[in-house]
Amino acid sequence: MGKQKKTRKIVEKRFAKMKKLISPSDNRIKADERSESRKKKPIDPYEMKIREIPQASSALFFQYNTQLGPPYHILIDTNFINFSIKNKLDIMQNMMDCLYAKCIPYVTDCVLGELEKLGRKYRVALRIIKDPRFERIACLHKGTYADDCIVQRVTQHKCYIVATNDKDLKRRIRKIPGVPIMFVAQHKYTIERMPDAYGAPKGAI
């Protein structure tokens, strides 16, 4: 028996005991906290449970965007312009070659601001953007971070195609249903997630 008691004591010393919970009537708990812990409402099984579900856009028929159609409205990102210049691609011509329809490129104030911040190296991109064929969209937010602006605009208005080569921005836009992505690949423009009905090349989807 003595040997068993010794081994029990050694085990108790080696392994710490679990802390016990403080009872609600303990002196260390403040009076207001004690009353809150006691006053728990019983769960009513017949009570109506309210869940918040984000409202689906009226432009979507399941995953199919009904607002997309020629002339296409294309939101251009900063690096898409730079990639187009590197690959010596005419933006307007190659957009129409990709979509087989008239395209209206849109440039937000923050994209213009980003290019202005980049300095003299990107003066060619600035000159291209200031072409009268490019439509300007005024931004109401502070700062010149274009990615957040484009994501917010595309979430609210489903009539745009986003032109970007930015991996992070692409990943964010793929989560928004019904928004196609245009990007530069193999010295030409390619489109992703574009329905066949609108005449997009099948290899690009």
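Helix α3 (residues 78-86) packs against helix α5 (residues 109-118) at an angle of about 60°, with the two axes 9 Å apart. Because angles under 35 degrees count as roughly parallel, over 145 as roughly antiparallel, 65 to 115 as roughly perpendicular and the rest as oblique, α3 is oblique to α5. The model is predicted: local features need pLDDT of at least 70, side-chain atom pairs count only at pLDDT 80 or more, and totals for chains, interfaces and linings use all residues. Residues are numbered from 1 along each chain as its sequence is written, and side-chain values use heavy atoms, with hydrogens and water left out.

**Overall architecture**

- The chain holds eight helices and eight strands; these are DSSP runs numbered from the N terminus, with helices being H or I of at least four residues and strands E of at least two.
- Of the 205 residues in the chain, 38% count as buried, where buried means under 20% relative accessible area, exposed over 50% and partly exposed in between, for a 1.4 Å probe and protein chains only.
- Among contacts with a separation of 6 or more, 61% join residues 24 or more positions apart; a contact means heavy atoms within 4.5 Å.

**Helix α5 and its surroundings**

- The contact between the two helices is made by T78, I81 and N82 of α3 and by V111, E114, L115 and L118 of α5.
- The axes are lines fitted to C-alpha atoms, for helices over the stretch in contact, and angles run from 0 to 180 degrees between N-to-C directions.
- Buried residues in α5 are C110, V111, L112, G113, E114 and L115.
- The cover over these buried residues of α5 includes β3, α3, β4, α6 (123-129), β5 and α7.
- After α5 comes G119, which has a positive phi, near 90°.

**The nonpolar core**

- The largest nonpolar core has 47 residues, and I74 and M182 have the most contacts inside it.
- Helix α7 gives the most to this core, with five residues.
- Such a core is a set of buried Ala, Val, Leu, Ile, Met, Phe, Trp, Tyr and Cys residues joined through side-chain atoms within 4.5 Å.
- Leaving aside residues up to four places away in sequence, I74 touches M95, L99, C103, I104, P105, Y106, I161, A163 and M182.

**Helix α7 and D147**

- The buried residues of α7 are A146, D147, C149, I150, V151, R153 and V154.
- They pack against β3 (72-76), β4 (103-108), α5, β5 (135-137), β6 (160-163) and α8 (167-174).
- D147 is located in helix α7, which spans residues 146-156, and counts as buried because its relative accessibility is 8%.
- Apart from residues up to four places away in sequence, D147 touches D77, D166, L169 and R172.
- The C-alpha atoms of D147 and K170 are separated by 9.8 Å, the two residues being 23 apart along the chain.
- Although buried, D147 has no salt bridge, and R172, the nearest side chain of opposite charge, is 5.0 Å away.
- For charge, Lys and Arg count as positive and Asp and Glu as negative, while His and the chain ends are not counted.

**Salt bridges**

- The count comes to five salt bridges, each being a side-chain nitrogen of Lys or Arg within 4 Å of a carboxyl oxygen of Asp or Glu.
- One of them joins the side chains of D109 and R136, at 2.7 Å from N to O.
- D109 lies in helix α5 and R136 in strand β5, so this pair ties together parts that are 27 residues apart in sequence.
- Both partners count as partly exposed: D109 has 27% relative accessibility, and R136 has 49%.
- R172 and D148 also meet through their side chains in a salt bridge, at 2.8 Å from N to O.
- This pair links distant parts of the chain, with R172 in helix α8 and D148 in helix α7, 24 residues apart.
- R172 is partly exposed, with a relative accessible area of 31%, and D148 counts as partly exposed at 38% relative accessibility.
- R171 forms a salt bridge with D168, in which the closest N and O atoms are 3.0 Å apart.
- Both R171 and D168 lie in helix α8, three residues apart, or about one turn of the helix.
- R171 is partly exposed, with a relative accessible area of 48%, and D168 counts as partly exposed at 46% relative accessibility.
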